[in-house]
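Hello,

Here is the structure I promised to pass on to you. Have a look at it first, and then read my notes below.

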Amino acid sequence: MTADGVPGDANGVDVVALGESMVTFLPSRAGRLADVPSFDRGIGGAESNVACALAAAGHRTRWVSRVGADGFGDHLVEAIARYGVDTRAVRRDPHRPTGIYFRTADDRDTDAHEVLYYRAGSAASAMSPDPDSVDHEALDSGRILHLSGITAALSADCLALLRELTAPRPGRPLVSFDVNHRPGLWSGTGDGEGPRVLLDLARGADLVFVGEDEAADAWGITGGPDAIRAALPEPATLVVKQGSSGATVFTEGLAEGAPSVFQPALKVDVVAPVGAGDAFAAGFLSATLRGLPAERRLRHGHLMAAAALTVPGDLATPPARTHTDRLAALDAEAWGTLRLGPGWTDGVPANTEAKEEART
């Protein structure tokens with residue numbers, strides 16, 4: 001166990017991610033789904049996105065889930081494995097399909113954006129505490145177990161599994177939980193059930209990621225990071241994402257008199273505003289595994305998010321670790337003037353100094 005509460009090397013795995021992944025159909029051009037003539041196939045899933053980004057950054061990751069015994073399931077497993085993720089604990093369901101979804105090319109924050117999910121009754125929705133449902137040994141095989149609120153909304157069985165995994169138990173790895181409040185997934189439940197469930201699960205985790213906006217939408221908390229921390233005092237580490245302004249972390253071991261650390265977000269020439277939240281979590285977890293201080297963890301989160309924002313899809317090739325380490329070490333003035341655009345993750349000469357990168 002490290003000083004940060006992260007268990008030591010366990011069976012050679014750094015992070016295990018549990019959650020549903022779906023085959024994504026991306027439009028060939030902008031417009032209504034009714035007008036788009038063709039789609040390109042991709043993959044999508046908050047938890048597997050984190051596993052893929054961490055694997056591409058050099059960490060040992062494992063994805064635990066269920067997919068259908070169909071071609072889409074084959075595609076998901078093979079595509080995620082190509083990132084270097086261990087997919088051997090993914091189980092195939094001969095009776096339920098792999099989930100799929102379609103989306104438009106428009107910004108998700110506009111009224112023109114459309115998403116159609118075909119995930120009801122999917123193989124992943126059958127995940128449960130039953131040992132025959134998912135590989136429980138695999139779930140405990142990493143230093144960190146990464147979960148999200150999306151899984152809890154898929155079915156009563158999935159929620160029961162997340163309650164079990166976030167409850168105190170012997171040998172539990174450090175539990176990372178991304179709130180990921182998706183109101184549409186909870187629309188068939190009782191009024192207010194989703195927000196209450198997410199708050200309960202977050203209280204059982206060790207490390208929580210939550211957006212300032214989703215805390216307001218789900219829990220009615222509008223007082224900023226301090227108010228969110230007051231509502232969530234239990235997690236040892238709480239990361240509040242504040243959109244384009246930056247992020248704040250509350251964690252143990254900060255300097256006396258400093259209950260939290262804030263780091264501003266980077267200026268980014270955005271190509272597509274998708275995947276940034278998962279990428280931020282991956283960057284923060286990567287720095288946590290390396291034992292970096294709180295400020296650097298936030299900066300690595302911002303840098304990984306910038307990689308996702310400057311490519312068209314959800315997943316981006318992360319920059320080389322030496323590159324991100326140099327950028328994360330910039331002084332406050334240089335960090336504040338840094339601007340990143342498409343192609344910034346391409347290799348840079350090993351002798352390039354951080355200040356030179358900031359100027360260019």
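A term to start with: two strands count as paired if DSSP finds at least two bridges between them. Strands (E, at least two residues) and helices (H or I, at least four) are DSSP runs, numbered from the N terminus.

Please keep in mind that this is a predicted model, in which local features need pLDDT of at least 70, side-chain atom pairs count only at pLDDT 80 or more, and totals for chains, interfaces and linings use all residues. Residues are numbered from 1 along each chain as its sequence is written, and side-chain values use heavy atoms, with hydrogens and water left out.

The protein chain has 16 strands and 13 helices. Of its 360 residues, 54% are buried, meaning under 20% relative accessible area (1.4 Å probe, protein chains only).

Eight strands make up an open, mixed sheet in the order 4-1-9-10-11-12-13-14. Its edges are strand 4 (61–64) and strand 14 (261–264); each has a single partner strand, so one side of each is left without a neighbour in the sheet. From one strand to the next, the twist averages 20°, with angles running from 0 to 180 degrees between N-to-C directions of axes fitted to C-alpha atoms, for helices over the stretch in contact (heavy atoms within 4.5 Å).

Within this sheet, strand 1 (residues 13–18) and strand 9 (residues 142–148) run parallel and are joined by four bridges. Which residue of strand 9 is the bridge partner of Val15? That is Ile144.

Finally, look for helix 7 (residues 212–219): this helix lies across strand 10 (174–178), strand 11 (207–211) and strand 12 (237–241), and runs at about 85° to strand 11.

Best wishes

Terms used
Buried < 20%, exposed > 50% of the residue type's maximum accessible area, 1.4 Å probe, protein only.
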